[in-house]
2 protein chains.
Amino acid sequence: MELVTISDIRAAASLVAPVVVRTPLLRFDDRLSVKPESLQPVGAFKLRGAYHALARLTDEVRARGVVAFSSGNHAQAVAFAARAFGVPAVIVLPENAPAVKIAATRGWGATVELVPMADREARAYELAESLGATLIPPFDHRDVIAGQGTVGLEIVADRPEVDVVLVPVSGGGLVSGVATAVKALRPAARVIGVEPELAGDAAESLRAGELVRWQAVERERTSADGLRAEPSELTFAHMRAYVDDIVTVSEEEIAEAIRRLARDTRLVVEPSGAVAVAAYLQRTEEWPARTVAVVSGGNIDPDVFAKIMQ
Amino acid sequence: MELVTISDIRAAASLVAPVVVRTPLLRFDDRLSVKPESLQPVGAFKLRGAYHALARLTDEVRARGVVAFSSGNHAQAVAFAARAFGVPAVIVLPENAPAVKIAATRGWGATVELVPMADREARAYELAESLGATLIPPFDHRDVIAGQGTVGLEIVADRPEVDVVLVPVSGGGLVSGVATAVKALRPAARVIGVEPELAGDAAESLRAGELVRWQAVERERTSADGLRAEPSELTFAHMRAYVDDIVTVSEEEIAEAIRRLARDTRLVVEPSGAVAVAAYLQRTEEWPARTVAVVSGGNIDPDVFAKIMQ
């Protein structure tokens, strides 16, 4: 299986520069810095991969539009990227998606199609076929992985002596890209994935040396709604090649990390975005002096956020 | 009176680069971007001016230490800057300062001296005298103004065609520096100061063409605790030279801006830091296409923040 290379990621960096925010590293404490991808337009790193995937299409293909079927940050990212390129986007959402999410997706100019949860993926492929549009997958695609890898490129540029990079893991697009970049540029650094205990399938898989599947109903127990997907063969191949370990955090540790990020770095972070900092806080004393945690997103329901902050 | 120049600000930019975060502009909506100075270490733009003031001291003078008597973000900034230079800092705080603020100041390695509120300034000057240390004023100093001006330099670098820059006003160090930079580099842009209605003394002064003094007890009514100071002759001279207007916002408008900043840009912002966005929201349709609001700080009591977010 052909893995993404550092050259792919470097090329992605120049393609995404017009719309992606060059996020700075922010001080969390004397040893930890955070990479606040929650500050991207649409509130998550997903814009990097989605925009890069669109940028790599030919003008002709892109003009026919794009389709996505995520209900989360990836859908927002595809809608935003399509708007930036001035091409149509259709986002397939489950009928029970929150009204605020539907409105946000429409706010970027995308057409929203609501279907029963179970039909989302099939309907998205059907739509892409009938429209001649391109389906942009959330992580199982080399261009998406290369786009997410620009996070790793920037971390090493800003902290060349980094010792450890902590990265949230779900489908694995982010950790695959970041690990590829970090291992190429700073081989001495460790790259550690982080999952919720309640969706710890990638951690178990990496230990087993093969993909271990958890039921969706199990993975859906975590409050970290962005971390309920499972790796693909492609992302798992990157993890086996470049990720040193995957650790897990509890739901209470995630909530505490959200509180600490609000207080100490003044960031609004969603549960999925806080797991890397939760892993740091779990055993603060054990991490080396130059640790970086990727804060992957900030799209949290204001009521949920207010409750956690109390 | 000798005003700060764009050369002073350019020189400041290279001096503060080692510790100041190069904050990106973040998308708020199609017309407004925000400059999130809440992301600086210590959570406010104040680090720029304080660090610059220390950087401009000779090694010998700086080694004797620094003193500050703010109870807010400036004290944290001086303590942080002193720590970065490895020199002692004494921060004079009022006896009734919140325990969390005292602990934070000590956390940066500063010595805290608690005195009755009314004695703060006198005690700070006395200490500086007896220790041979340098008092770093919060805004009434050319080096401090030049340091804050680097915010304006970065805004124009990132958005060369900016039409309007909205800036919080208290003692006026920030708005003086930002206006100096913006008017030098992009004369067509308007620079608008923003104050709480309940502490609108600078707005009244600018309209009157002379410093109008409000009682401290009046200025202290606003929840924006960082905007209760009053301009000095030096900062007012900059405002008269470079600031186009100063507008005011209500307490409810400030709270709404805090909610919108949390939801739409995923930032935790203190009341003082939210006034420029509040001014934008007050008459959204009237601002031009390329407006930038400076979000000056994010140090809000977690309980107060949780209450506003509900």
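A salt bridge is a side-chain nitrogen of Lys or Arg within 4 Å of a carboxyl oxygen of Asp or Glu, and chain A and chain B have two of them between them. Welcome to this predicted model, in which local features need pLDDT of at least 70 and side-chain atom pairs count only at pLDDT 80 or more, while totals for chains, interfaces and linings use all residues. Side-chain values use heavy atoms, with hydrogens and water left out, residues are numbered from 1 along each chain as its sequence is written, and chains are lettered from A.

**Where chain A meets chain B**

- Contact (heavy atoms within 4.5 Å) links 29 residues of chain A with 29 residues of chain B.
- About 2,100 Å² is buried between the two chains, 63% of it on carbon and sulfur atoms; buried area is the accessible area (1.4 Å probe) that two parts lose on being put together, summed over both.
- On the chain A side, Arg27(A), Leu39(A) and Arg266(A) lose the most area to chain B, together 30% of what that side buries.
- Arg83(A) and Asp30(B) form a salt bridge, with their closest N and O atoms 2.8 Å apart.
- Four elements of chain A, namely β1 (26-27), α4 (73-85), α12 (251-264) and α14 (302-309), each supply at least two residues of the side that touches chain B. Helices (H or I, at least four residues) and strands (E, at least two) are DSSP runs, numbered from the N terminus.
- The most residues on that side, four, come from α14(A).

**Two domains within chain A**

- Chain A is divided into domain 1 (6-44 + 141-309) and domain 2 (48-135), with bounds that come from an automatic or database domain assignment.
- The centres of the two domains, taken over C-alpha atoms, are separated by 24 Å.

**Where the domains meet**

- In chain A, 25 residues of domain 1 are in contact with 14 residues of domain 2.
- The area buried between these domains is about 1,500 Å², of which carbon and sulfur atoms give 63%.
- Leu15(A), Val42(A) and Asp143(A) supply 37% of the area that domain 1 buries against domain 2, more than any other three residues.
- Three salt bridges are counted between domain 1 and domain 2 of chain A.
- Asp143(A) also meets Arg56(A) in a salt bridge (3.2 Å, N to O).
- On the side of domain 1 that touches domain 2, the elements giving two or more residues are α1 (6-16) and α7 (142-158) of chain A.
- The largest share of that side, eight residues, comes from α7(A).
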